[in-house]
Amino acid sequence: MAVSARPLLAALLLPALLLSAASAADSKNNPADELVSLINSNRTARKASSLSDNQGLGCIALQYIKAYEGQCNQVGQNKKPIESSFTDKFAPDCGVQASTLSKITGRLLACQSDYASPAEAFNILVDDAKSLQVLHSKNHTEVGAAVSGTDGGGPYFWCVLFSDGKPSTSFKVDGEVPKTAIHPGCFSGNNDDCMGAKNGAVSANVGTLRLVAALLFAIVCAFAL
């Protein structure tokens, strides 16, 4: 019995489209992760150890930014959130278990009106002997980075937090995924795509959106053939 060409073609195309969808879901584009990669490349080039990218610490770096409430002029003025904020505010907002918080061994923070690429942000964050010392310190074992705009635009903040915790046990997140509903902005280590330039650095699980779009496209194609 002859087999219709259209259903056969649809059956052949659908797996290929689904494979394409899965590949799209794996695509990553996160400026905070890119910044961590630059930090580790710079450290290893100078014989320092590579640091673990901790999503809980990255989320806390984003909350650290939000504590400035868009006040760019407060950066570099020796003004920073009080230490109790890590336990009382930042950790709960991220769903990080307070009992797993580790010592913050260094921090880098920068702000400017225009969005900076990760490479540009690195040069802004590490621009003097003091910041170089923080970057290359042997006390660090893990790192978390974040970037966020303000009200969907500038000014833009970049923050890097370093810790001496054990990567497998420190900054542990309830449910293994940081809270996302209150996270406009990008933070490292969470395996999500994140929009950066010209988007206010607003977090978005682009991989999931691409997967849904690709699946819908595959279904439409199957019925249209």
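Start the tour at helix α6, whose buried residues pack against α2, β2, α5 and β4. The model on screen is a predicted one.

**Stop 1: helix α6**

Select Ser131, Val134 and Leu135, the buried residues of α6. Look down the helix axis: these buried residues fall within an arc of 100°, so they line one face of α6. Now turn to the face pointing away from that buried side, where Ala129, Lys130 and Gln133 are exposed. The general rule behind such a pattern is that an α-helix has 3.6 residues a turn, so residues three or four places apart point the same way.

**Stop 2: helix α5**

Move to α5, residues 118-125, and select Pro118, Ala121, Phe122 and Leu125, which are buried. Around the axis they span an arc of only 105°, and so they sit on the same side of α5. Next, show what covers them: the cover includes α2 (31-45), β2 (104-112), α6 (129-136) and β4 (153-163).

Stay on α5 and pick Ala119, which also lies in this helix. Is Ala119 buried or partly exposed? Its relative accessible area is 43%, so Ala119 is partly exposed.

**Stop 3: helices α3 and α4**

Select α3 (residues 55-66) together with α4 (residues 84-94); their axes come within 9 Å and cross at roughly 120°. The two helices are therefore oblique to each other. The crossing of α3 past α4 is right-handed. Which residues make the contact? On the α3 side they are Cys59, Ile60, Gln63 and Tyr64, and on the α4 side Phe86, Phe90, Ala91, Asp93 and Cys94. Coloured by class, the residues of this contact come out as 7 nonpolar, 1 polar and 1 charged.

**Stop 4: Gln55**

Go to Gln55, which is found in α3. Its relative accessible area is 18%, and because the cut-off for buried is under 20%, Gln55 counts as buried. Show its contacts, leaving out residues up to four places away in sequence: Gln55 touches Val173, Glu176, Val177, Pro178, Phe187, Ser188, Gly189 and Asn190.

**Stop 5: Tyr68**

Follow the chain into the loop between α3 and α4 and select Tyr68. With a relative accessible area of 8%, Tyr68 is buried. What does Tyr68 contact, leaving aside neighbours within four places in sequence? The list is Gln74, Val75, Lys79, Lys80, Pro81, Leu109 and Phe157. Keep Phe157 selected, and compare positions along the chain: Tyr68 and Phe157 are 89 residues apart, yet 9.3 Å separates their C-alpha atoms.

**Last stop: the whole chain**

Traced from the N terminus, the elements run α-α-β-α-α-β-α-α-β-β-β-α. The chain has 225 residues, and 42% of them count as buried. To finish, consider the contacts between residues at least 6 apart in sequence: 76% of these join residues at least 24 apart.

Key. Residues numbered from 1 in each chain as written. Predicted model: local features only at pLDDT ≥ 70, side-chain atom pairs only at ≥ 80, totals over all residues. Heavy atoms only, no water. Axes fitted to C-alpha atoms, helices over the stretch in contact; angles between N-to-C directions. Helix = DSSP H or I, 4+ residues; strand = E, 2+ residues; numbered from the N terminus. Parallel < 35°, antiparallel > 145°, perpendicular 65-115°, else oblique. Left-handed = near helix turned anticlockwise from the far one by under 90°. Contact = heavy atoms within 4.5 Å. Nonpolar A, V, L, I, M, F, W, Y, C, P; charged D, E, K, R; others polar. Buried < 20%, exposed > 50% of the residue type's maximum accessible area, 1.4 Å probe, protein only. Arc of directions from axis to C-beta.
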